[in-house]
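Please keep the picture at hand while you read.

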Amino acid sequence: MNLKKEIEDIKNEISRELNLSTSKKEIENIRIKYLGRKGIITQKLKNIKHLKDEEKPLYGKELNILKLTIEEEIAKRGQEITKTVKEEEQFFDWTMPGDRRWLGHLHPLTTTMDEIVEVFLRMGFTVELGPDVETDFYNFEALNFPKNHPSRDIQDTFYLENNLLLRTHTSPVQIRVMEKIKPPIRIISPGRCYRVDNFDSSHSPVFHQVEGLYVDENVSLSDLIGTLDIFAKAVFGSSTRTKFVPHFFPFTEPSAEVLVSCPFCKEKGCSTCKHTGWIEILGCGMVHPAVYRSVGYDPDKYSGFAFGLGIERVCMPKYGINDMRLFFENDLRFTKQF
Ligand SMILES: [Zn+2]
């Protein structure tokens, strides 16, 4: 057989096989087929020794050139395939259905706060906000807290440098608003409050309140009771009853704590209401004359009421949450339920 023809045929066959190959594995199989230990070219090189002496140099030279050519072609095809695979990986199919994305949502405390604010907005109140860092004057003095009142105790209040403190309630906003404008005033003020407290199932050093203030001429105790009764029915359901229990706050006189009938047991008693049938949600009262004097109002001309309700205290019975820590630990298993 003509040597040149034989080599040409092998070259053509290898080119054909390489062009058909689509993976590194296939190229490796081609390499083994021709250049492996028992490969076609390897065998031919071994067989040179059986040739006639004058044929050996030419045959050997041509086969070695063929071997190098094949190695080059295999390497070239390998690079081509690597490039194609990378291009395929970069290809993005816009018609493929996407992964499901979870939508975020509001925290239960935020939802409850919004709901409370919404009820009072419908009754003609407007929202006012105040700073978390306060002075002793706004947090205590103007609200008629005597110098030796237990709430001023260093154990209850987070004191900061320069006689500043973290507000222990949202009531300082009452003073800030009354300093700015004259009655009629009808405001609510949601926000964070701080007290030195344990972090347990019913306490947290940070908690949330909504403050309310209504000042005008001839505002009476029955206005207070009516307003908060409407509020309780709006949040806990129309069959909810309210109970006003006498209490003491320095900045209101008379003062009361408001209890709502337990929405779970309808006053029969359950674990949520600690078997009393009632849940305490807020403190309130008629604004103390001393508070009016501290902002320059005439106590004989104006009257009004104020209330401060704990958002956690409303949110917990509303959703059947029995541990306050759950609000602040940000465990998704908890927050995803709302
Ligand atoms: Zn109950």
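Strands β8 and β9 (residues 303-310) pair in the antiparallel sense over five bridges. Strands, like helices, are DSSP runs numbered from the N terminus (strands are E, at least two residues; helices are H or I, at least four), and two strands pair if DSSP finds at least two bridges between them. This is a predicted model, where local features need pLDDT of at least 70 and side-chain atom pairs count only at pLDDT 80 or more, while totals for chains, interfaces and linings use all residues. Residues are numbered from 1 along each chain as its sequence is written.

**Around strand β8**

- Another partner of β8 is strand β7 (residues 252-261), joined to β8 by eight bridges and running antiparallel.
- Here Ala256 stands opposite Cys284 of β8.
- Strand β8 (residues 278-287) is largely enclosed by the rest of the structure, because seven of its 10 residues are buried. A buried residue has 20 or more other C-beta atoms within 10 Å of its own (12 or fewer makes it exposed, in between partly exposed; C-beta atoms are placed from the backbone).

**Around strand β5**

- Eight bridges also link β5 to β9, and these two run antiparallel.
- Val215 stands opposite Gly304 in β9.
- With strand β4 (residues 185-194), β5 forms an antiparallel pair over 10 bridges, where Arg192 stands opposite His208 of β5.
- Nine of the 11 residues of β5 (residues 206-216) are buried, so this strand is largely enclosed by the rest of the structure.

**The nonpolar cores**

- Which residues have the most contacts inside the largest nonpolar core? They are Cys284 and Phe305, in a core of 49 residues.
- Helix α8 (residues 221-236) gives the most to this core, with six residues.
- Apart from this core lies another, of eight residues, including Ile30 and Leu63.
- A nonpolar core is a set of buried Ala, Val, Leu, Ile, Met, Phe, Trp, Tyr and Cys residues joined through C-beta atoms within 7 Å.
- Not counting residues up to four places away in sequence, Phe305 touches several residues, among them Tyr214, Leu224, Cys284 and Met286. Two residues are in contact if their C-beta atoms, placed from the backbone, lie within 7 Å.

**Helix α7**

- The buried residues in helix α7 (residues 172-180) are Pro172, Val173, Gln174, Ile175 and Met178.
- These buried residues pack against several elements, including β4, β5 and β9.
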